[in-house]
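Me: I have a structure open and want to learn how to read it. Can we go through it feature by feature?

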Amino acid sequence: MTASSQPPVLEARMVRKTYRRGAIATEVLKGVDLSVARGEFLSVVGASGSGKSTLLHLAGGLENVTAGQVLVNGRDLSTLSAAQLAALRRHGDQLHVLRQRRQVGLLDALLRRRRAAARGVRRAAAVREHR
C-alpha cells in the first residue's frame with residue numbers, strides 16, 4: 001500500500017461541538033474539516049477562545065463531538081469504548097496529539113527568559129546612565 005492510498009492518521013469530518021449550560025448553548029466548533037497524513041506535522045493556532053483546545057480534546061478522544069466524525073487511522077472515535085480510547089491514547093504510536101501544555105510551558109519559559117534578558121539590558125543601561 002502506498003502512502004497516498006493510506007487513510008489519514010487523523011481526520012475530522014464536519015465536526016461540531018456545542019457546550020450547554022442550562023438553556024444557554026455555545027457552539028465552539030462549527031463544521032470543522034481536517035485531514036492529517038502519516039508523517040505530517042500540524043500546528044493549531046488561533047485567537048483565545050477559537051476552539052483550539054476543544055479540537056485537540058476531540059482529536060484525542062477526551063471529549064465527544066456534538067455532530068460529525070473524528071477518525072484516527074480510519075476508526076471513528078465515537079464507536080470506541082472508554083477502554084479502547086484510553087488504549088489508543090496510550091499506544092497510539094502514529095498520532096501524537098495533546099502536547100499543548102508542554103509546548104505552551106516551553107513557549108512561556110522562552111518568553112520569560114527573553115523578557116528577563118530585556119529587563120536586564122534596560123537595568124544595565126539605567127545603571128550606566130545613573131553613574
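Me: Which residues does V70 touch, not counting residues up to four places away in sequence?

Reply: Keep in mind that this is a predicted model. To read contacts, look past the neighbours along the chain. V70 touches L10, E11, V15, L58, A59, V65, R75, D76 and L77.

Me: Which residues have the most contacts inside the largest nonpolar core?

Reply: The general idea comes first. In soluble globular proteins, nonpolar side chains tend to be buried together. Now this case. The largest nonpolar core has 13 residues. Those with the most contacts inside it are L10, V15, L29, L58, V70 and L77.

Me: How many bridges join β1 to β3?

Reply: Five bridges join them, and the two strands run antiparallel. Now look at who faces whom. A12 stands opposite V70 in β3. L10 stands opposite V72 in β3.

Me: What about side chains along a strand?

Reply: In a regular strand the side chains alternate between the two faces of the sheet. Keep that in mind as you step along each strand on screen.

Me: What is the bridge partner of V72 in β4?

Reply: That partner is R75. Two bridges join β3 to β4 (residues 75-76), and these strands also run antiparallel.

Me: How many residues lie between the strands in the hairpin of β3 and β4?

Reply: Two residues lie between them. One to check in this hairpin is N73, with a positive phi near 50°. N73 is a residue other than glycine. N73 is partly exposed, with a relative accessible area of 30%.

Me: Where does M14 lie, and what is its phi near?

Reply: M14 lies in strand β1. Its phi is near 45°, a positive value in a residue other than glycine.

Me: What is the relative accessible area of M14?

Reply: The value is 48%. Buried needs under 20% and exposed needs over 50%. So M14 counts as partly exposed.

Technical notes
Residues are numbered from 1 along each chain as its sequence is written. This is a predicted model: local features need pLDDT of at least 70, side-chain atom pairs count only at pLDDT 80 or more; totals for chains, interfaces and linings use all residues. Side-chain values use heavy atoms; hydrogens and water are left out. A nonpolar core is a set of buried Ala, Val, Leu, Ile, Met, Phe, Trp, Tyr and Cys residues joined through side-chain atoms within 4.5 Å. Buried means under 20% relative accessible area, exposed over 50%, partly exposed in between (1.4 Å probe, protein chains only). Contact means heavy atoms within 4.5 Å. Two strands pair if DSSP finds at least two bridges between them. Helices (H or I, at least four residues) and strands (E, at least two) are DSSP runs, numbered from the N terminus.
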